[in-house]
Each structure stands twice: as C-alpha cells, then as structure tokens.
Amino acid sequence: MKHVTRKQMRAWLAPMRACFAQMRSGEVDSIRGYAVTRLDQKDDYARIDFCINGFSALIDRLCPDIDTALLHRISKALANGVPLTIAEIDRALSLLHRCEDALIE
C-alpha cells in the first residue's frame, strides 16, 4: 500500500482547517444562531459543530492515540452558542497538524 503524502493529508484536512480559520477570523456565517460552513462553494451549508463531531469520530477510529477531547468541547460550545477563544481555536489547529503527522506515518 502506498504511503499518504503530506500534500494529500493537507488537502484532506483543508475543509476543517478552513472552518477553524474562518472562526479565528471572527467572521463566521450563521443560520438560526448556529455557526455554519459552506460546502464546496454550493448553496449548501453544514453546521460546524456537526462537522467537528464527524471529524473527531473519524480521528478517534483512525488515530486512537490522539486525544480529541478538545474537539468535543469546541463542538459542544458551538452547539450551545458559547463563544470560543483564539487560544482554543489555535489548539484545535495544532491538533489538526498532529493528526496530519500521525496519518502520514
């Protein structure tokens, strides 16, 4: 089986990075009070907390040694309308980098 390249991992993780980058900028779209992200430049939107839940479930299965508790806390905060800090978002981006490293190995 061929190894996955860093370029492939970056492309695979790009939607989650884009969500966190959007939240970090402070300009997040919302529908009915829930933070959402646009899906592939279409008119469809998905709640960011749902995206994070799906992503963290996948990472839990692929990399059980990576602690995704931070992602669960961020998802819960978004679902409850609690504002996030820049530090939390930066830690989530750091976690994505650790996932990238783990999945390349």
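These questions and answers concern a predicted model.

User: What makes the pair of Trp12 and Phe55 tilted?

Analyst: Their ring centres are 6.2 Å apart, and rings pair if their centres lie within 6.5 Å. The planes meet at 45°. Under 30 degrees would count as stacked and over 60 as edge-to-face, with the rest tilted. So this pair is tilted. The structure holds one aromatic pair.

User: Which parts of the chain does the pair link?

Analyst: Distant ones: Trp12 is in helix H1 and Phe55 in helix H2, 43 residues apart.

User: Why are Trp12 and Phe55 classed as buried, partly exposed or exposed?

Analyst: Buried means under 20% relative accessible area, and exposed means over 50%. Phe55 has 9%, so Phe55 counts as buried. Trp12 has 37%, so Trp12 is partly exposed.

User: How do you know whether Cys19 bonds to Cys51?

Analyst: A disulfide needs two cysteine sulfur atoms within 2.5 Å. The closest cysteine sulfur to that of Cys19 is in Cys51, at 5.2 Å, so it is too far for a bond. Cys19 is buried, at 3% relative accessible area.

User: What about Cys99 and Cys63?

Analyst: Their sulfurs are 5.9 Å apart, which is too far for a bond. Cys99 counts as buried, at 0% relative accessibility. A search of the whole structure finds zero disulfides.

User: Where does Cys99 sit, and what covers the buried residues there?

Analyst: Cys99 is one of the buried residues of H4, along with others including Leu95 and Leu96. Their cover includes H1, H2 and helix H3.

Note on methods
Residues are numbered from 1 along each chain as its sequence is written. This is a predicted model: local features need pLDDT of at least 70, side-chain atom pairs count only at pLDDT 80 or more; totals for chains, interfaces and linings use all residues. Side-chain values use heavy atoms; hydrogens and water are left out. Rings of Phe, Tyr and Trp (its six-membered ring) pair if their centres lie within 6.5 Å; planes under 30 degrees apart count as stacked, over 60 as edge-to-face and the rest as tilted. Helices (H or I, at least four residues) and strands (E, at least two) are DSSP runs, numbered from the N terminus. Buried means under 20% relative accessible area, exposed over 50%, partly exposed in between (1.4 Å probe, protein chains only). Contact means heavy atoms within 4.5 Å.
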